[in-house]
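Subject: Handover of a structure and notes on its helices

Dear colleague,

Please find the structure below, together with its sequence. My notes on its helices follow, and I would ask you to read them with the structure open.

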Amino acid sequence: LTSVILLRNLQVEEFGEYSFYVSFIVVFGALFNFGLEAVIQRYVPEFLVKKNFGKINRLIIISLIIRVFLIIFSWIFLIINFDYIKSIFKLSISTASFLIFLTILFFNRIKNLIGLALLTAFFEAYKERVNFIFFQILRLILFSYILINGYSLKELLIAWLLLELLSLVHFILLLSKKILIKKKKIVLETFTNNENNRILKYGKTNALALVFFIFADIAVDNLMLGYFLNQEAVGFYTFAISLLLIIIKMSPTSILKGTFGVIFTKLYTKKKSLEVMKLYYCLITKLNLFVTLPLLAILATNLENIISIIYSENYLTTVPLVYLGIFFMVISSNNSTFSPLINALEKNKLFLYAGIFSIYNLVGNFILIPVYGTYGALFATGTAGSFIFIFYYFHFKKIFKKKFFPWKCLFNIMISCFLILVLGNYLNEFVNSIYSLIIVIVSQVIFYYFFIKYFKFFTLKEKKIIKKELGIKFFKF
């Protein structure tokens, strides 16, 4: 809803500049990440299983100190190079607004460490979700008020800053309850030499991998579009990608981001069984396919009506771009299902090796954007994501030594997607308002529901695992 408000009230160039700031936080955050979130999510669950609470305290405190130091360093670097950054990316931001933006960057990076990463490690990701929901609701209210009353991008940044501060305060309060204190002193335990080596190795590998991987992220596409073209191109590209990301954010691996990693880590710490890992991997991949692919099909059939009715006809030119993105997303949307396996088995060097495809994306952007614009950027990023999936697939095929990807499930869901496309193309003739559009989408969802009831995608064993791990009774499927 917030994106709808922004798109309807900002010029394409203004929306592009706002999107640029969001992308800048992602890119700069990755470059100065140092793998801290990954370390928290990997080793806190292990120490919980072993009841090493003092080691959890030490890990949290060290991670926070490193994060604050890195943010201060990045602040100094960005302030010194402010004029150059403003010029090279064709930005209209003032010095005051830039300082506000840097404070947003500070709050966001601390929040990411003690919010999503830490709460997920404690298997309390739902608290982060609650924080996120309130953040989104307040953002919608504040942004709506600002835009309706004709204020500028500077006021949007101030509102964003206040929201980040409120969100961070909530996470700090939650953190205070996680730190074990006895006799008014924080309990600290020393890591063993083996644990020190494992943590440092894991952190360094993830830090390097993230630096490489960021070049395959759409945030880098936005920066390079701003450099080679203009902020209008960034606006169109961000809009197209945001439609795809809405679908991705509805996938189980996104909603339960990190939670699956904690489940896998605890299981492997206790059982050390590759067969169990394979079973759980197949399950979360099925869940991902089960949700993501039909939603992509529904988006494809209703795309033009969604843009013209909900957003703005100014963005109808992005329709072919979104179709190209859907094509690549069918494959690359499954990359996230490998992350819990990689973390649990401490195969994080795979992230580093996959970084070659990020370099491929970066080179592709340099070559294709000046010639093909936004299509060149999406082609480079989409093919990079597909290559990463292929790389992960063949690596784990060697580890498990037999078939482990649920190809039959994928085939059945693709059949349902084809039928959704046929139904949608027929019903689209009757769409002339938001209400008829909703009826068409609901009709496609109902059709899919009856289709999956017939095919029974999940075995009884898989349903029991879902109920055990997530507390959800997976009723009819």
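Two residues count as being in contact when they have heavy atoms within 4.5 Å of each other. Please also bear in mind that this is a predicted model.

A384 itself belongs to helix α19. Is A384 buried or exposed? Its relative accessibility is 0%, and a residue under 20% is called buried, so A384 counts as buried. The C-alpha atom of A384 is separated by 9.1 Å from that of I356, a residue 28 places away along the chain.

On the α15 side, the contact is made by P320, L321, L324, G325, F328, I331 and S332. On the α19 side, the residues include T374, Y375, G382, G385 and F389. By class, the residues of this contact comprise 9 nonpolar, 7 polar and no charged.

The partner of α15 in a second pairing is α14. Helix α14 covers residues 274-310 and helix α15 covers residues 319-332; their axes come within 11 Å and cross at roughly 180 degrees. This makes α14 roughly antiparallel to α15. In α14, the residues that meet α15 are L293, L296, L299, A300, L303, E304 and I307. Their counterparts in α15 are V319, V322, Y323, I326, M329 and V330. This contact has 12 nonpolar, no polar and 1 charged residues.

Which residues of α15 are buried? They are V319, L321, V322, G325, I326, F328, M329 and S332. The buried residues of α15 pack against α11 (231-249) as well as α14 and α19 (374-400). The length of α15 can be checked too: at 1.5 Å a residue, its 14 residues should span 20 Å, and its end C-alpha atoms are 20 Å apart, which agrees.

**Helices α3 and α4**

Helix α3 (residues 36-49) and helix α4 (residues 53-80) pack with their axes 9 Å apart, at an angle of about 170 degrees. That angle makes α3 roughly antiparallel to α4. From α3, the residues L36, E37, V39, I40, Y43, V44, F47 and L48 take part in the contact. They meet F53, K55, I56, L59, I60, S63, I66 and R67 of α4. The residues of this contact divide into 12 nonpolar, 1 polar and 3 charged.

The loop between α3 and α4 holds K51. Although K51 is not a glycine, it has a positive phi of about 60 degrees. Its relative accessibility is 60%, so K51 counts as exposed.

R42 is found in α3, and with a relative accessible area of 4% it is buried. Which residues does R42 contact, apart from its neighbours within four places in sequence? They are R198, Y202, T265, N343, A344 and E346. By contrast, I439 lies 397 residues from R42 in sequence and 44 Å from it in space, C-alpha to C-alpha.

As for α4, its 28 residues should span 40 Å at 1.5 Å a residue; the end C-alpha atoms are 41 Å apart, which agrees. Among the buried residues of α4 are G54, N57, L59, S63, R67, L70 and L78.

**Helix α6**

Helix α6 comprises 27 residues (residues 95-121), which at 1.5 Å a residue should span 39 Å; its end C-alpha atoms are 38 Å apart, which agrees. Where is the kink in α6 centred? It is centred on N112 and amounts to about 35 degrees. Of the 27 residues of α6, 21 are buried, so this helix is largely enclosed by the rest of the structure. Just after α6, F123 takes a positive phi of about 60 degrees.

Yours sincerely,

A colleague

Technical notes: Residues are numbered from 1 along each chain as its sequence is written. This is a predicted model: local features need pLDDT of at least 70, side-chain atom pairs count only at pLDDT 80 or more; totals for chains, interfaces and linings use all residues. Side-chain values use heavy atoms; hydrogens and water are left out. Helices (H or I, at least four residues) and strands (E, at least two) are DSSP runs, numbered from the N terminus. The expected span of a helix is 1.5 Å times one less than its number of residues. The bend at a residue is the angle between axes fitted to the seven residues ending there and the seven starting there. Buried means under 20% relative accessible area, exposed over 50%, partly exposed in between (1.4 Å probe, protein chains only). Axes are lines fitted to C-alpha atoms, for helices over the stretch in contact, and angles run from 0 to 180 degrees between N-to-C directions. Angles under 35 degrees count as roughly parallel, over 145 as roughly antiparallel, 65 to 115 as roughly perpendicular and the rest as oblique. Ala, Val, Leu, Ile, Met, Phe, Trp, Tyr, Cys and Pro count as nonpolar, Asp, Glu, Lys and Arg as charged, and the others, Gly among them, as polar.
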